[in-house]
Amino acid sequence: MYRCINKMEQEKSYKLMSRQERGEDIIKRFQIVKTPRGWRVPSTSFAGRAYLVTFNGHEPKCNCPDCELRKKKCKHIHAVEVYIKKEIDEEGKITQTKGVKITYSQDWKAYDKSQTNEKLVFMKLLKDLVNNVEQPEYKFGRPKIPVSDMLFNSVMKIYSTFSLRRFMSDVKIAKEMNLIDSVPCYASVGHFLQREDLTPILKQLIKMSASPLREIETKFAVDSSGFSTSRFARWFDTKYGKERKYKMWLKAHLISGVKTNIIAGVEITEGEVHDSPSLPRLVEETAKTFKVGEVSGDKAYSSRLNLQAIQDVGAVPFIPFKKNTANKDKLSVWGKMYYYFMYKHDEFLEHYHKRSNIETCFHMIKTKFKDNLRSKTKTAQINELLCKILAHNICVVIQEVNELGLKSEFIVEKEVEE
């Protein structure tokens, strides 16, 4: 009698459960098997029977009567999603997937040619690039050194990684090569980096420096990384009764091509600023020069707004979803990519792991041009960091000219007056 009542209570409580709860119950009681056709989920009502959950490219389907009649998620689909989530760790990887070491061949002939001639070619390309900057109209007073010359000197200073005084030898060499008109005082270069109007010019030059690779790059990745500064924030610690301080740092938000590591867009913020809000602007700016096909990023960029921004430029977003993500809109790009992430996880990761190339990009910048900023003021530090990124782009173009035989033509888009 007691067993009968207990069984009736269990059946009653089971009927009150939602389909999601019933799916979780299936995971506890039965074993789900992944097959080439889909996921095989045992029936809870009929022993020996099983239903097949498949993915049609947009959403999951089950051949059980409940799903076919209601056209909505059944308990079997919920069970599969719980099963998949358990197999995905915090980094978005399948826990059972074994790592495969991938090696890339190096065109050593092109690499040697690029490295042994880099500085000479760098100076000539930089000269061509800064010549596109318009010189302010002369009004009165002592004529100033052309902006193009000062830009050349500023970027060359960052490229050399020398101090201002030691860098002056390179300036004299550039003068002998007729790349600049005159040799300025070393202090003038430092003062020039403090100009606020220099920031948008450098951003435009970065965009222009990426243009030779516009036919090569269609897949991009986004990420950010910090650069330490000489500025400090201070506060009074009431617990210990003394003043404390910590070094402040700037964060570079970049979008780069995954094939060549060319940087197509950049935003500079304080170190504590979140990554996610920068993505729409970076993607939009990149689409003005490149035909964007894919954009990959880590979970920090996982938001409906970001996925929609990527789709708006005609690209496919490959950004993994967090474990607590719930899909309530299967018709949006968020819903479609959620199911793609869940049901075609291996295929999704093939695209997503291209994101690691931007980590290589940051490594290239920090190894070659250092990960710290020497300037004292915030404006000068921002401009110094932009000069590092511009120098990196020119070095990438030099490599690809030798490896792919490209022409280093910098495209300038100018508005035509009607």
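Colleague: Which residues are exposed on the other side of H14?

Modeller: This is a predicted model, in which local features need pLDDT of at least 70, side-chain atom pairs count only at pLDDT 80 or more, and totals for chains, interfaces and linings use all residues. Residues are numbered from 1 along each chain as its sequence is written, and side-chain values use heavy atoms, with hydrogens and water left out. Helices (H or I, at least four residues) and strands (E, at least two) are DSSP runs numbered from the N terminus; buried means under 20% relative accessible area, exposed over 50%, and partly exposed in between, with a 1.4 Å probe and protein chains only. On that side of H14, the exposed residues are His363 and Thr367.

Colleague: Within what arc do the buried residues of H14 fall?

Modeller: Ile358, Cys361, Phe362, Ile365 and Phe369 are the buried residues in H14. Because they line one face of the helix, the arc seen down the axis (taken from the directions from the helix axis to the C-beta atoms) is within 95°.

Colleague: How far from the sulfur of Cys64 is the nearest cysteine sulfur?

Modeller: A disulfide is a pair of cysteine sulfur atoms within 2.5 Å, and the whole structure has 0 of them. Cys64 is thus in none, and the nearest cysteine sulfur belongs to Cys74, at 3.6 Å.

Colleague: Is Asn56 buried, partly exposed or exposed?

Modeller: Asn56 lies in the loop between strand E3 (50–55) and strand E4 (60–62). Its relative accessibility is 43%, so Asn56 counts as partly exposed.
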